[in-house]
Each structure stands twice: as C-alpha cells, then as structure tokens.
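Have the structure open as you read.

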Amino acid sequence: DFTADYVNQVGIDLAWQHGPLMVVAEHMHAQTRSPENGDPKFTGSYLMLSWMLTGESRPYLRAVGSIGPVTPSSRYGAFELVTRYSQIDLADGAIDGGELDKWYVGANWWISRQWKAGVSWGDADLFRNGMNGNTRMWLLRLQWIY
C-alpha cells in the first residue's frame with residue numbers, strides 16, 4: 001500500500017483471428033501521482049496464442065467490443081490449445097513491488113457455449129528486493145460463461 005492522489009491508466013489491446021488461430025496482445029501503463037514515492041509508473045503486458053483443434057473460431061461481439069465464447073460445432077465440444085506470456089513491472093520510484101514474468105501452456109475443452117474446462121501448466125519468475133523467486137503451477141478450471 002502507498003498513498004497516491006490519483007492514477008492515470010492507459011491501455012491498448014489487439015486481437016487477430018484467422019479461422020481457428022487467434023493472437024491477442026495487451027499493454028497497460030499506469031502513472032501515479034505520489035510525490036513522496038517518486039510518482040511511480042507501472043506497466044504490464046501479455047501475448048496469447050490460441051488454436052482451436054476442432055476448427056471453430058470466436059465471434060466478435062460488436063455491441064460490446066469484445067470477443068465472444070466458442071460455440072462448439074460438434075456434440076462432443078470443441079478443443080483448444082493455448083499459450084500465454086505475461087509481464088508486469090511494479091517497481092519504480094520508491095515502490096518495489098517487483099517484476100513478474102509468467103508463461104503457461106494449456107488445453108481447453110469447450111463443452112458448450114456456456115461451459116469450459118481447462119488444464120494448464122505455468123512457470124513464473126519474480127524479481128524483487130534483489131532476490132529472485134520461481135513458481136511452477138498447475139491450474140485446473142471449470143468455468144461457466146453467462
């Protein structure tokens with residue numbers, strides 16, 4: 001925690017899709033007004049690659065400006081491979097929240113348009129206060145999309 005008068009945040013995200021292949025990227029920049037902490041700036045980015053093994057693609061929802069969920073074309077659902085790399089830098093000025101680099105690979109089973117099950121494995125490196133830490137993780141997810 002630290003005291004700040006305000007935070008200005010700017011971000012850009014891009015998505016490209018060609019049939020079953022999709023690439024998504026996002027970058028965020030936050031500028032704080034905190035003179036006692038050197039007005040720190042924080043950034044974060046990610047890059048994700050997705051491939052639908054069963055050929056589906058995600059619809060673009062113009063009304064809300066986002067990508068929608070997968071609608072399986074088979075009664076057995078749709079299968080997807082995903083990889084993602086993300087980086088966040090929370091160290092600037094007098095604040096040392098560290099720098100985190102994380103990547104993971106995973107597989108998703110879109111059971112229906114509303115249900116998705118997934119498993120992924122990831123590796124994260126945290127650099128903070130002159131120390132390095134590493135975490136390897138498994139993630140199991142059952143998700144309901146409303």
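## A glutamate and its surroundings

Setting aside neighbours within four places in sequence, Glu56 is in contact with Gly19, Pro20, Val70, Thr71, Pro72, Ser73, Ser74, Gly77 and Ala78 (contact means heavy atoms within 4.5 Å). This is a predicted model, where local features need pLDDT of at least 70 and side-chain atom pairs pLDDT 80 or more, while totals for chains, interfaces and linings use all residues. Numbering runs from 1 along each chain as its sequence is written, and side-chain values use heavy atoms, with hydrogens and water left out.

As for where it sits, Glu56 is in the loop between strand E3 (41–52) and strand E4 (60–61) (strands are DSSP runs of at least two residues, numbered from the N terminus).

Glu56 is buried (under 20% relative accessible area, 1.4 Å probe, protein chains only). It has no salt bridge (a side-chain nitrogen of Lys or Arg within 4 Å of a carboxyl oxygen of Asp or Glu). The nearest side chain of opposite charge, Arg58, is 9.4 Å off (Lys and Arg count as positive, Asp and Glu as negative; His and chain ends are not counted).

What does the Glu56 side chain make a polar contact with? One partner is the side chain of Thr54, at 2.4 Å, and the side chain of Ser73 is another, at 2.8 Å (a polar contact pairs N or O atoms within 3.5 Å, one able to donate a hydrogen and the other to accept it; residues adjacent in sequence count only if both atoms are side-chain atoms).

## The sheet

Seven strands make an open antiparallel sheet, ordered E1-E2-E3-E6-E7-E8-E9 (two strands pair if DSSP finds at least two bridges between them). At the edges are E1 (6–18) and E9 (131–144), each pairing on one side only.

Within the sheet, E7 (residues 95–110) and E8 (residues 115–128) pair antiparallel over twelve bridges. Val105 has Trp121 in E8 as its bridge partner.

Methods:
Helices (H or I, at least four residues) and strands (E, at least two) are DSSP runs, numbered from the N terminus. Buried means under 20% relative accessible area, exposed over 50%, partly exposed in between (1.4 Å probe, protein chains only).
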